[in-house]
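Please look over the sequence and the model that follow. The text after them goes through the structure in short steps.

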Amino acid sequence: MRPTLPARPANAFLAENDKLRQLSTQVQALLTLQRIWETVAPANLAGVSHIGQDEFGQTTIYCDNGAVAAKLRQQLPTLAEALRSKGVATAYLQVKVRAQALPVPARTVHKREISRAGLDNIARLSDGLEAGELKSALDHLLARHRPD
């Protein structure tokens, strides 16, 4: 029978190696910075932006798209002041667009069904109309929903 070893936390191996310990410290600092960002950033933009610092201490806000970056650039002085009040060094705060590495899965659009009776009623309505935009739109709708 093998002797049992005492249980250790899953991340205990990080403390055993200098490089891993240093990396763990940097990750914790980034997580703390991100939590601060989520309290400072506008609620509608916090989920599509992230904050980081490089090895020189330069703070950068990374956005998923240009529209978010434009909105955050407009609010940069206010955001910089809010970050400073939380203890984040923001001598030079910049905003960059960095698309997500993993694309957001496309939504599947389900084609809505129109019943046979509904299609017949739309066809009767279209037949009773003079040529124009409404008749054209109804005919297009019928063409898309009629079975081949």
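Leaving aside its neighbours within four places in sequence, which residues is T59 in contact with? Contact here means heavy atoms within 4.5 Å. By that rule T59 is in contact with I51, G52, Q53, V88, A89, T90, Y92, L93 and Q94. Before going on, note that this is a predicted model, in which local features need pLDDT of at least 70 and side-chain atom pairs count only at pLDDT 80 or more, while totals for chains, interfaces and linings use all residues. Residues are numbered from 1 along each chain as its sequence is written, and side-chain values use heavy atoms, with hydrogens and water left out.

T59 belongs to strand β2, which covers residues 59-63. Helices (H or I, at least four residues) and strands (E, at least two) are DSSP runs, numbered from the N terminus. The relative accessible area of T59 is 0%, so T59 is buried.

How many salt bridges does the structure hold? There are three. The term stands for a side-chain nitrogen of Lys or Arg within 4 Å of a carboxyl oxygen of Asp or Glu.

One of them joins the side chains of R21 and D18, with 2.1 Å from N to O. Both residues are in helix α1 (residues 18-40), and because they are three residues apart, about one helical turn separates them. D18 has 58% relative accessibility and so counts as exposed, whereas R21, at 36%, is partly exposed.

Another salt bridge links E81 and R84, whose closest N and O atoms are 3.4 Å apart. This pair sits in helix α4 (residues 76-85), again three residues apart, so about one helical turn lies between E81 and R84. E81 is partly exposed at 45%, and R84 is partly exposed at 41%.

The remaining pair is R116 and D120, with 3.7 Å between the closest N and O atoms. They lie four residues apart in helix α5 (residues 116-127), about one turn of the helix. R116 is partly exposed at 46%, as is D120 at 31%. Helix α5 also holds D127, which is exposed, with 63% relative accessibility. D127 and D139 are 12 residues apart along the chain, and their C-alpha atoms are separated by 9.2 Å.

Now turn to how two of the helices meet. Two packed helices are described by the angle between their axes and the distance between the axes. The axes of α1 and α4 come within 10 Å and cross at roughly 130°. Axes are lines fitted to C-alpha atoms, for helices over the stretch in contact, and angles run from 0 to 180 degrees between N-to-C directions. The two helices are therefore oblique to each other, since angles under 35 degrees count as roughly parallel, over 145 as roughly antiparallel, 65 to 115 as roughly perpendicular and the rest as oblique. Where α1 and α4 meet, I36, W37 and V40 in α1 are in contact with L79, A82 and L83 in α4.

Definitions and conventions
Buried means under 20% relative accessible area, exposed over 50%, partly exposed in between (1.4 Å probe, protein chains only).
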